[in-house]
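Biologist: Please walk me through this model, one question at a time.

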Amino acid sequence: MIIDIDLMPDEGVQVCQEFDFFSMELVDENAVFLKPVSAELYVKKSGEDVFIKGHVSALLSFVCHRCLTPYEFPVDSDFDLVYFPEELDEIKDQLESGDLNSYFYQQRQIDLNELVLEQLNLTFPYKSLCRQDCQGICPVCGIIVREGLCSCEKDETDPRLVKLKTYMKDKR
Ligand SMILES: [Zn+2]
Ligand SMILES: [Zn+2]
């Protein structure tokens, strides 16, 4: 959906709809959509600047970076953006270095599909993990440590485990 800056009513435009994207449009190459993306947007013009408040929600499947297991990644994110006319080139450098929520519109149009896709991509973690403390795959036997099937001796033993083992020995 394209918003035409010059045709926008003074009271603004409200959009609430589902967006269809291809999984290959996502920045994470292993991410897959489990549900369509839905977004609510409120677009309002003030002089030549356009303010957009919105919310994006989605459900994706990610692959854990450490254990390679797929897991669900829900997105529920608010954003607050401002679009300046592209003629404001002089201040571009200044803005781009500082404010991530500032954009420039081109040809007096804003492509909402592009906007929603970008906001969605921005919610992705730098490294996708099924859980923050995912132990990954055992370098010795190749089994996912989380499943508890691996009994290999590790070089780096958790100090808490050592304590527990000592405690167990004493009990015997
Ligand atoms: Zn994992
Ligand atoms: Zn192992």
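Biologist: What covers the buried residues of α2?

Modeller: This is a predicted model, in which local features need pLDDT of at least 70, side-chain atom pairs count only at pLDDT 80 or more, and totals for chains, interfaces and linings use all residues. Residues are numbered from 1 along each chain as its sequence is written, and chains are lettered from A and ligands numbered from 1 in the order in which they are written. Helices (H or I, at least four residues) and strands (E, at least two) are DSSP runs, numbered from the N terminus. The cover of α2 includes β1 (2-4), β2 (13-19), β4 (37-46), β5 (49-63), β6 and β8 (109-111).

Biologist: Which residues of helix α2 are buried?

Modeller: A residue is buried if 20 or more other C-beta atoms, placed from the backbone, lie within 10 Å of its own; 12 or fewer makes it exposed, and in between it is partly exposed. Helix α2 spans residues 112-122, and its buried residues are L112, L115, V116, L117, Q119 and L120.

Biologist: Why does F73 count as buried?

Modeller: F73 sits in strand β6 (residues 70-85). F73 counts as buried because its C-beta neighbours inside 10 Å number 20.

Biologist: Which residues is F73 in contact with, leaving aside neighbours within four places in sequence?

Modeller: Contact means that two C-beta atoms, placed from the backbone, lie within 7 Å. With those sequence neighbours left aside, F73 touches L60, S61 and F62.

Biologist: How many helices and strands are in the protein chain?

Modeller: The pattern along the sequence is β-β-β-β-β-β-α-β-β-α-α. That gives three helices and eight strands.
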